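Reader: I have just opened this structure for the first time. Could you walk me through it?

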Amino acid sequence: MQYGYQCEDCETSVWPVTTRAELVWLKDRLHVAREVAKHSQTGLDTWIAEGMAFLNDHHGHSVIVVSRRS
Ligand SMILES: [Zn+2]
């Protein structure tokens with residue numbers, strides 16, 4: 001299975017390469033992830049950058065974690 005975020009308002013989705021638990025963590029702790037990003041010297045993992053960009057774009061929208069068969 002693949003996991004991703006879907007915006008119910010825009011009906012678009014993104015599929016970063018990571019686990020469901022990581023996606024739930026990032027969605028619930030976006031403010032923490034932003035702090036980590038600010039202080040990170042080495043750059044973010046791709047899935048975090050991708051996930052954060054999507055969550056930022058759809059701030060205030062109804063974003064859910066979804067799955068699909070890979
Ligand atoms: Zn949206």
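**A guided conversation**

Author: A place to begin is R34, which is found in helix α2, residues 30-39. Please keep in mind that this is a predicted model.

Reader: Is R34 buried or exposed?

Author: R34 counts as exposed, because it has 12 C-beta neighbours inside 10 Å, and a residue with 12 or fewer is classed that way.

Reader: How far is R34 from M52?

Author: Their C-alpha atoms are separated by 8.2 Å, while the two residues are 18 positions apart along the chain. M52 itself lies in helix α3.

Reader: Let me step back. How many helices and strands are there in the protein?

Author: The protein has three helices and three strands. Along the sequence they follow the pattern β-β-α-α-α-β. The radius of gyration is 12 Å, close to the 11 Å that the globule rule gives for 70 residues, so the protein is as compact as a globular protein of that length.

Reader: What does the C-alpha trace span along its principal axes?

Author: The C-alpha trace spans about 35 × 25 × 15 Å. Of the 70 residues, 16% count as buried.

Reader: What share of the contacts comes from residues 24 or more positions apart?

Author: Such residues account for 71% of the contacts that have a separation of 6 or more.

Reader: Now the strands. In what order do they form the sheet?

Author: The order is β2-β1-β3, in an open sheet with antiparallel pairing. The edge strands are β2 (12-14) and β3 (63-68), each of which pairs on one side only. From one strand to the next, the twist averages 35°.

Reader: What holds paired strands together in general?

Author: Strands of a sheet pair through backbone hydrogen bonds, either parallel or antiparallel.

Reader: How many bridges do β1 and β3 have?

Author: Strand β1, residues 2-7, pairs with β3 over six bridges in the antiparallel sense. Within this pairing, the bridge partner of Q6 in β3 is I64, and that of G4 is V66.

Reader: And how many join β1 to β2?

Author: Three bridges join β1 to β2, and these strands run antiparallel. In this pairing Y5 stands opposite V14 in β2.

Reader: Which strands does each helix lie across?

Author: Helix α1, residues 20-28, lies across β1 and β3, and runs at about 170° to β3. Helix α3, residues 46-57, lies across β1, β2 and β3, and runs at about 20° to β1.

Reader: Which residues make up the largest nonpolar core?

Author: The seven residues of that core are Y5, L23, L26, A33, F54, L55 and V63. The elements that give two or more residues to this core are α1 and α3.

Reader: What is Y5 in contact with?

Author: Leaving aside its neighbours within four places in sequence, Y5 is in contact with S13, V14, L23, G51, F54, L55, V63 and V65. Among these, L23, F54, L55 and V63 also belong to the core.

Reader: Is L55 buried or exposed?

Author: L55, found in helix α3, counts as buried because it has 20 C-beta neighbours inside 10 Å, and burial requires 20 or more. Not counting residues up to four places away in sequence, L55 touches Y5, K27, L30 and V63.

Reader: How far apart are L55 and L26?

Author: These residues are 29 apart in sequence and 9.2 Å apart in space, C-alpha to C-alpha.

Key
Residues numbered from 1 in each chain as written. Predicted model: local features only at pLDDT ≥ 70, side-chain atom pairs only at ≥ 80, totals over all residues. Pairing = 2+ DSSP bridges. Helix = DSSP H or I, 4+ residues; strand = E, 2+ residues; numbered from the N terminus. Axes fitted to C-alpha atoms, helices over the stretch in contact; angles between N-to-C directions. Contact = placed C-beta atoms within 7 Å. Core = buried A, V, L, I, M, F, W, Y, C linked by C-beta atoms within 7 Å. Rg over C-alpha atoms; globule rule 2.2 N^0.38 Å.
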